[in-house]
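This report covers strand pairing and a chain contact. Please look over the sequence and the model before reading on.

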Amino acid sequence: MKCFQMLIHHRRLIWNLILLDFKVRYAGSRLGLLWMLVGPLMILGSYLLVFGSILHIQSLPGLNAFDYGLLVTCGLLPWMGFSEGVMGGTNSVLAHRNLMRGQLFPMELIPVTAVCCGLVGQLLGTSILLVVLGIRGMWQISLLWLPGLVLCQALFTVGAVWILSCLNILFRDLSQIVRLGMVLLMFISPIAYTTQMVPPGLDLAIALNPLSFLIDGYRDTVLLGRSPRFVGMALFGGAAVMMLHMGYHYFMRLRTVLPDLV
Amino acid sequence: MNDVAIAVKDLSKVYRLYRTNSSRVLDFLGMGEGGLARGYDEHWALKNLSFDIAKGSTVGIVGRNGAGKSTLLRLLAGTSGPTSGEVVRHGQVAALLELGTGFHPDLTGHENIYASGLYLGFDRRAMQNFYNDIVEFSELGPFIRQPVRTYSTGMYMRLAFSVATCLPASIQVIDEVLGVGDAYFFGKCLQRFRQFQKEGRTTVLVSHDNATLLRLCSRCVWIDHGRIAADGSPLEVIMAYTETVQAEQDRKARTEWSDPGMTTDTAFALRKQKALEIEQVQFLDARHIPTSALAMGDAITIRIHCHSRVAMERAVMTVSIFRSDGITVCNVISSIDDVYVRLSEGRSTIDVQFAPLLLGPGEYTVAVGIYPSLDLNDSVSPQHAVIWHYRQMFSVHQPVGIALDLGIVRHPVTWAICAHAEAEERIAS
């Protein structure tokens, strides 16, 4: 698989690009990396307020109010990583267009870097969540599945973003559409609720949403102490690899013409 | 093929100019080749170019705006792909097509050096080897720790140029970026290019500054409308190129200048009917033997053979001498010396004597012009008023027996030597 070879070959460069991206993003900012946590915490707070305290959503049997908070966090983290990656990635090539004009640079790494930067917030949040769980003695063996899940998510996002970032150059409205799509995705993904709560007529919408597998998987492994559903996991993993492959080929096919289009 | 750095074979580049954005999207998705409703026009930026660039050579590319120079450079560097044909590169290419493209305004110069290194494929550790070189060359001093957004344009460009040229590459492709600093920095840049030449690096550069190209290049290529119009020694190519530009300007000048008082129209009419032609310019040494290599301090005569089809009473003749880097060394105008050239119909010769020749060693170009009349106060129109002009080269070498650099001019001087005591004596007496 060429794209894996490419990613492994450039791993150091990708890492340095991520560092650079953060340096640029927070140059001159006081709180720096802390800003990565402020947004998610705010969303988490409003979710808890609206759904937990005002609407009194019935969470899973056997979970108390605090556990509902954990439940929402488990949904929020992958959504956050995914949507940041997709939004940042879609714009990334256009934002770095001068790199294409002036010099020789492997442009395919730019969307990859954007996705990784999106993941940083998610990983940061996940580690805090794990610390909280550790303090309460809720670590389970199923946590070992977590890296696999995140990896699949990353590969899927990178593949999707390779295609989206190209299309965005031609069709600049795409980034706006993607932004709205991510807001929509936030509500149709099982973040504040669980898949079990969805009424039977609507479960197709859940089944078609790749994020629902991911969120379910996150909850299963982190909170409920069971391995992810095999079918869902296999489908998700397969979709991720396929998406990565497709995206890479699409991007590489357009690479030579991209500089003429930006 | 070991001595070829870049081989270009039958290279073409077509840009598609889309009429609407939707036809652009359709074409991009592979649905634009419908034949009937082709939503774009084709612009052939380059058409069937073939040439080789030898290793270690410095090749200049000249041409009008929009002739395809930058497109060619992009294809040579590989930042854009050809429509047909191929470019084969033997060696690592560094492209300097736009300066400072990878700079982030909020990062300091120091951080930006590492960032651009990253974009050019050098990680932090590798960049540490070049870091001091870059900082030193840019001469930014303490400003290197300030955010780049606080830099002046000159500082910004200096840093960008330093980053781009301090990194190792066997082939360098450079687009019109030499005029980035003041005269001092420009000189430094030229020195750097000389050093590259010594190291055997191959350089391809585009510039509108003919003097720079003459100084640096071993070969020039003139691109016109996407094709090679001329290819050869810098002086020949640049002269051919500037003459075409000149001719075009003359054509424009004719339509733009309607002032009847101007001599342009007369000159143009005379030129058009070939009223006068300079057929040959000869350089004669002291023994009146034609030569093109002279020693400094020799007496030379520039003999101009012209053929006139109309009689002229008070024509003005100019002889300009340019050094190979484009500097006008002197401009001799007959009317200043109160000499007017009277030409009868038929052939005649005019001699201009330089005795002795004061020019220092080097290559020179002589441009001879004949004007029906010349207004000494007008710095613009002379080039349009000329009936005929002619260029030829000669070189001046060191006088026999002197190896020291004598400078660019051997100025006539008078020496007066006076011992101090003697002077006092003289005052006393």
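The model is predicted: local features need pLDDT of at least 70, side-chain atom pairs count only at pLDDT 80 or more, and totals for chains, interfaces and linings use all residues. Residues are numbered from 1 along each chain as its sequence is written, while chains are lettered from A and ligands numbered from 1 in the order in which they are written.

Helices (H or I, at least four residues) and strands (E, at least two) are DSSP runs numbered from the N terminus. Two strands count as paired if DSSP finds at least two bridges between them.

| Strand pair in chain B | Sense | Bridges |
|---|---|---|
| Strand 1 (residues 4-18) and strand 2 (residues 40-54) | antiparallel | eleven |
| Strand 1 and strand 4 (residues 84-89) | antiparallel | five |
| Strand 10 and strand 12 (residues 300-308) | antiparallel | eight |

An open antiparallel sheet of three strands in chain B runs in the order 10-12-16. Strand 10 (276-284) and strand 16 (346-354) are its edges; each has a single partner strand, so one side of each lacks a neighbour in the sheet. Leu284(B) has Thr301(B) in strand 12 as its bridge partner.

The contact (C-beta atoms, placed from the backbone, within 7 Å) takes 23 residues from chain A and 25 residues from chain B. On the chain A side, helix 2 (11-25), helix 5 (97-102) and helix 12 (258-261) each supply at least two residues. Helix 2 of chain A gives the most, with seven residues.

Definitions and conventions: Contact = placed C-beta atoms within 7 Å.
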